[in-house]
Amino acid sequence: MTKRLDLRVDFAFKSLFGTHGNESILAAFLNAALRFPDEKKIQTVQLLDPHFNKENQEDKRSILDVHAQLEDGSRVNIEIQLNNKHDMEKRTLYYWSKMYSSQMKEGMDYGELCKTITINIVNFRYLSHIHEYHSTFQLYEREQKLLLTDILEIHFMELPKLLIKWRNREVDPREDQLVRWLLLLEASEDEEITQVLEEIAMQEDQVLKKAMDEWERVSQDPEVLLAYEARRKALLDEKSALKRAEKKGKEEAIKAMAIGMIQEGIANNVISKLTGLSIKEIEMLRHQ
C-alpha cells in the first residue's frame with residue numbers, strides 16, 4: 001500500500017477536507033465536531049476563499065486552512081497546528097475576528113451577522129488543566145454562567161489526549177464519529193487505526209470510505225507530493241527553530257536567576273545545586 005500523506009500537515013489536511021469536490025467529507029466532519037442534532041445536520045457546505053487581505057500596513061495577511069459557510073450562513077474555520085507557538089488563544093481570536101468582520105457589507109445591519117466558529121486541531125497538549133480532548137468555548141457571564149450570545153464558538157481538539165484515550169480503550173470510533181475523523185489524522189503512522197477505520201468505512205460509513213479513497217489518491221499525485229514535502233520540511237524547520245528559541249529562553253532565565261543569587265551573596269555550590277550551572281559558569285557570571 002502507498003505511504004499516505006500525514007493529514008496532520010496542514011497542506012495534506014486541506015487537500016482532503018478543504019478541496020472542491022470533497023464538501024461531503026467536510027460536512028461529515030463538521031456534523032461530528034459540532035454535534036448538531038439530527039434535524040439540524042449539515043447537508044451541504046460552501047468552501048470560501050481562505051485569504052483575508054491586509055486592511056492596513058501593520059495588519060497581518062491571514063490565510064485560513066479551511067474556511068466554509070454552512071447552510072444557515074454560519075462561518076467555520078478549521079486550523080490544524082503541528083507545533084505549539086504558545087500563541088494559540090490570540091491567534092484563534094484574531095482569525096475569528098477576521099471571519100466575523102468580513103461578513104459586514106455596506107448598509108448591512110449588525111443583526112445580520114452570522115455565527116462564527118473556529119475549530120483548532122492541535123498535535124500537542126494545549127489545555128493542561130482539562131482532561132478531555134475536545135473543549136468548546138463561548139461568551140459567558142463569569143458569575144451566573146449566562147451565555148451572552150452564541151455568535152462566538154471556539155473549539156480545541158487535542159490529538160495527544162485522544163490517542164491516550166484510544167490506547168486505553170476509553171473511546172470507540174465505531175460509536176463516536178468525531179473520534180473516527182480525528183483518528184483518521186493519526187492513521188498514516190498507526191496500522192491498527194488504519195485497519196479499524198477501513199473496516200468501519202467498508203461496513204457502515206460511505207463518506208469515510210470516500211475520504212480514505214481520496215486520501216489514497218492524493219497520496220499518489222506527484223504534484224501534491226511535491227508541495228506536501230516542501231510544506232512538511234518547512235514545519236520541521238519551524239519546530240526546530242521553536243525548540244532552539246525555547247532552549248535559549250530557558251538558559252537566559254537560569255542565568256538571570258544565578259545572577260540574582262550572586263548579587264544576594266549566595267555561595268557558588270548552592271547556586272550550582274539550584275540552577276544546574278557548573279562552578280566555572282557561575283564564576284564567569286560573577287566576573288561579567
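Buried, as used in these legends, means under 20% relative accessible area, with exposed being over 50% and partly exposed in between (1.4 Å probe, protein chains only). The model is predicted, so that local features need pLDDT of at least 70 and side-chain atom pairs count only at pLDDT 80 or more, while totals for chains, interfaces and linings use all residues. Residues are numbered from 1 along each chain as its sequence is written, and side-chain values use heavy atoms, with hydrogens and water left out.

View 1. Asn120 lies in strand β6 (residues 116-122), where strands (E, at least two residues) and helices (H or I, at least four) are DSSP runs numbered from the N terminus. With a relative accessible area of 3%, Asn120 is buried. Its side chain is joined to that of Thr92 by a polar contact of 3.0 Å, a term for a pair of N or O atoms within 3.5 Å in which, within protein, one must be able to donate a hydrogen and the other to accept it, and for which residues adjacent in sequence count only if both atoms are side-chain atoms. Not counting residues up to four places away in sequence, Asn120 touches Glu79, Met88, Thr92, Ile154, His155, Phe156 and Met157, contact meaning heavy atoms within 4.5 Å.

View 2. Ala68, placed in strand β4 (residues 66-69), counts as buried at 1% relative accessibility. Leaving aside neighbours within four places in sequence, Ala68 is in contact with Leu26, Gln46, Leu47, Leu48, Ser74, Arg75 and Val76. Ala68 and Ile117 are 49 residues apart in sequence, and their C-alpha atoms are 9.9 Å apart in space.

**View 3. Packing of helices α5 and α7.** Helix α5 (residues 177-184) and helix α7 (residues 206-218) pack at an angle of about 5°, with their axes 12 Å apart; axes are lines fitted to C-alpha atoms, for helices over the stretch in contact, and angles run from 0 to 180 degrees between N-to-C directions. This makes α5 roughly parallel to α7, since angles under 35 degrees count as roughly parallel, over 145 as roughly antiparallel, 65 to 115 as roughly perpendicular and the rest as oblique. The contact is made by Arg180, Trp181 and Leu184 of α5 together with Val207, Leu208, Ala211, Met212 and Trp215 of α7.

**View 4. Burial along helix α1.** Helix α1 (residues 10-17) is mostly covered, with 6 of its 8 residues buried, namely Asp10, Ala12, Phe13, Ser15, Leu16 and Phe17.
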